[in-house]
Amino acid sequence: MKNQIYLARNKTVYKGNLHLHTTWSDGSLPAAETVQVFKEKGYHFICISDHDVYSRTDEFNTDHFITIPGMERGGLNPVPDKDPGYHFGVLDDPTAQPVQPRFQHLERFPVPIPWEGDQSPQVLIDEMIAHGNLVIFNHPEWHLTRFEDMVNYDGFFAVEIYNHATEWSTVSSYGAAYWDHALQNGKRVYGIAADDSHGHDRNWAFPEYGGGWVQVQSEALTPHDIVTSLKAGSFYSSTGPEIYDLRVEDGQLIIECSPCKFIMFKAFPLRGPFVGNYQNGEPLTVASMPVEPEMQYIRVECIDFDGNVAWSNPVFVADLLEGDE
Ligand SMILES: [Zn+2]
Ligand SMILES: [Zn+2]
């Protein structure tokens with residue numbers, strides 16, 4: 001079994017939010033003010049993902065903060081005139097060689113999208129990819145997405161496993177069960193935590209901005225390098241805790257994180273949840289689990305004393321066995 005480093009403690013990490021709204025759709029703040037909110041919160045990058053309108057805002061990019069072009073595409077529902085049904089995060093992939101032209105700044109797309117049958121979401125995903133984008137399966141729990149959709153549809157690179165706005169509004173924000181369903185059926189997809197902030201009321205006690213994010217290990221703060229790292233899974237998602245290091249060494253998956261109450265490994269199919277030693281209420285900052293060749297994937301959740309979570313991306317065990325007898 002190979003040794004492999006997934007997150008390295010000495011590498012630079014950039015904090016980002018890949019899902020948010022501005023006045024270009026139903027958000028309450030203009031793009032420039034939204035950028036300011038996230039800068040003040042210490043973010044390094046965002047994707048302005050307004051509903052059915054694409055944004056390219058290079059004018060906000062500096063050495064310390066960038067915007068990645070994108071949108072949220074949806075309005076696709078088997079029940080006529082009812083929204084929402086399917087929403088997909090759409091993120092410009094500068095490493096792609098698209099067969100169709102890239103979308104332009106403030107290019108608008110019609111909604112609702114006519115439902116032509118169960119292939120309709122796939123047609124939409126394929127269209128977004130053809131124009132040089134990555135696709136994220138947004139807030140499956142909020143939409144009560146059918147679990148089999150995780151298997152039947154292809155091409156999305158990630159599932160939104162935490163959506164802060166739907167926690168804020170309707171307490172239905174955790175999509176990790178959908179993610180596991182995709183993974184258990186052989187999909188190589190990553191998990192993304194995001195805000196989906198609209199900012200309808202900034203005075204709510206539970207702040208809508210800054211609730212879920214990704215931390216990306218990247219060579220540089222450029223759209224090219226950030227997206228390259230996203231595609232490689234060189235990131236983790238969080239609502240609070242930090243993951244400093246994740247690696248396989250001598251057959252052990254080892255994680256280091258900020259002080260947590262639980263460090264939980266989910267290994268499929270051999271072992272269910274396995275929790276690192278939790279003794280006398282002492283915070284955990286490191287835990288490990290043996291990797292078995294029969295495992296399909298292992299992922300780790302670090303849960304702090306307030307219930308906030310950091311999710312690692314999956315370790316795909318087959319990759320570690322390449323070249324083994
Ligand atoms: Zn949505
Ligand atoms: Zn949204």
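Modeller: In helix α2 (residues 120-130), the buried residues are Ser120, Pro121, Gln122, Leu124, Ile125, Met128 and Ala130. Buried means under 20% relative accessible area, exposed means over 50%, and partly exposed lies in between, with a 1.4 Å probe and protein chains only. Helices (H or I, at least four residues) and strands (E, at least two) are DSSP runs, numbered from the N terminus.

Colleague: What do the buried residues of α2 pack against?

Modeller: They pack against strands β5 (70-76), β6 (86-92) and β7 (133-137), and against helix α3. Contact here means heavy atoms within 4.5 Å.

Colleague: Which residue just after α2 takes a positive phi?

Modeller: Glycine 132 does, with a phi of about 85°. Just after α5, glycine 186 also takes a positive phi, of about 90°.

Colleague: Before we go on, what kind of model is this, and how are things numbered?

Modeller: It is a predicted model, in which local features need pLDDT of at least 70 and side-chain atom pairs count only at pLDDT 80 or more, while totals for chains, interfaces and linings use all residues. Residues are numbered from 1 along each chain as its sequence is written, chains are lettered from A and ligands numbered from 1 in the order in which they are written, and side-chain values use heavy atoms, with hydrogens and water left out.

Colleague: Back to α3, then. Is aspartate 149 buried or exposed?

Modeller: Aspartate 149 counts as buried because its relative accessibility is 2%. It belongs to helix α3 (residues 149-152). Not counting residues up to four places away in sequence, aspartate 149 touches Tyr86 and Phe137.

Colleague: Now arginine 299. Where is it?

Modeller: Arginine 299 is in strand β17 (residues 297-303). With a relative accessibility of 0%, arginine 299 counts as buried.

Colleague: Which side chains make polar contacts with that of arginine 299?

Modeller: The side chain of aspartate 180 makes one at 2.7 Å, and that of glutamate 301 makes one at 2.8 Å. A polar contact is a pair of N or O atoms within 3.5 Å; within protein, one must be able to donate a hydrogen and the other to accept it, and residues adjacent in sequence count only if both atoms are side-chain atoms.

Colleague: What else is arginine 299 in contact with?

Modeller: Leaving aside neighbours within four places in sequence, its contacts include Ala176, Trp179, Leu183, Met264, Phe265, Lys266 and Trp311. Ala176, Trp179, Asp180 and Leu183 are among the buried residues of helix α5 (residues 176-184).

Colleague: Changing topic: where does glutamine 215 lie, and what is it in contact with?

Modeller: Glutamine 215 lies in strand β10 (residues 213-217) and, at 11% relative accessibility, counts as buried. Beyond its neighbours within four places in sequence, glutamine 215 is in contact with Val13, Tyr14, Lys15, Ser234, Phe235 and Tyr236.

Colleague: And the chain as a whole? How many helices and strands has it?

Modeller: The chain has 7 helices and 19 strands. Of its 325 residues, 54% count as buried. Among contacts with a separation of 6 or more, 67% come from residues 24 or more positions apart.

Colleague: What box do the C-alpha atoms fill?

Modeller: Taken along the principal axes, the box is roughly 50 × 40 × 35 Å.
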